[in-house]
Amino acid sequence: MFMGQFQHSLDPKGRLIIPAKFRELLGDTFILTKGLDRCLFVYPKDEWAVLEQKLKSLPFTQKDARAFIRFFFSGAVEIEMDKQGRILIPPQLREHARIDRDLVIIGVSNRAEIWSAEEWEAYNREASASYEEIAEKLDLGL
């Protein structure tokens, strides 16, 4: 399971060091794609296969389903980690997530997310005010 939060920076070549705790979960190759809320989603191949099956089952006759599938798959790339645990994030994905230099990698159960540090801070500021309301609506039984 992916969990935790890690502060990182891109090196001058645009590479990111994946946290050691996540490397084993991801394997040597994994999928990186545009995520929601201006972040990037990082999936191990087995989790990607599960998601792919769910998306394939959406009715392609529905405009919203086609749009979401296009969004998700058009940004997807297979990434290979080097021996030092580094990856190169493609420019179009860095642009989508507004990643410049400083970033945050978080664990979210079956995936990791990569955020620009500024976007993550802004998201947390906005969302923290409504966590209690969200928990109440979801009836988590906590």
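**Exercise 1.** Is Asp11 buried, partly exposed or exposed?

*Solution.* Start with the ground rules. This is a predicted model, where local features need pLDDT of at least 70, side-chain atom pairs count only at pLDDT 80 or more, and totals for chains, interfaces and linings use all residues. Residues are numbered from 1 along each chain as its sequence is written, and side-chain values use heavy atoms, leaving out hydrogens and water.

Step 1: take the cut-offs. Buried means under 20% relative accessible area, exposed means over 50%, and partly exposed lies in between (1.4 Å probe, protein chains only).
Step 2: apply them. Asp11 has a relative accessible area of 22%, so Asp11 is partly exposed.
Step 3: look at the partner. Asp11 and Arg15 meet through their side chains in a salt bridge, 2.7 Å from N to O. A salt bridge needs a side-chain nitrogen of Lys or Arg within 4 Å of a carboxyl oxygen of Asp or Glu. Arg15, at 21%, is also partly exposed.

**Exercise 2.** Describe the salt bridge of Arg111 and the burial of both partners.

*Solution.* Step 1: find the partner. Arg111 pairs with Glu113, and their closest N and O atoms are 2.7 Å apart.
Step 1: check burial. Arg111 has 17% relative accessibility, so Arg111 counts as buried. Glu113 is buried too, at 7%.
Step 2: widen the view. The whole structure holds 7 salt bridges.

**Exercise 3.** Why is strand β4 largely enclosed by the rest of the structure?

*Solution.* Step 1: define the element. Strands (E, at least two residues) and helices (H or I, at least four) are DSSP runs, numbered from the N terminus.
Step 1: count. In β4 (residues 40–44), 5 of the 5 residues are buried, so the strand is largely enclosed.
Step 2: sort by face. Side chains in a regular strand alternate between the two faces of the sheet. Leu40, Val42 and Pro44 lie on one side of β4, Phe41 and Tyr43 on the other, and all are buried.
Step 3: find the neighbours. Strands pair if DSSP finds at least two bridges between them. β3 (residues 29–34) pairs with β4 in the antiparallel sense over 5 bridges. There, Ile31 stands opposite Tyr43. β8 (residues 111–116) is antiparallel to β4, joined by 3 bridges. Val42 has Ala112 of β8 as its bridge partner.

**Exercise 4.** Which residues does His96 touch?

*Solution.* His96 is in helix α4 (residues 91–96).
Step 1: list the contacts. Contact means heavy atoms within 4.5 Å. Leaving out residues up to four places away in sequence, His96 touches Lys34, Gly35, Arg38, Cys39, Leu40 and Phe71.
Step 2: check burial. His96 is buried, at 15%.
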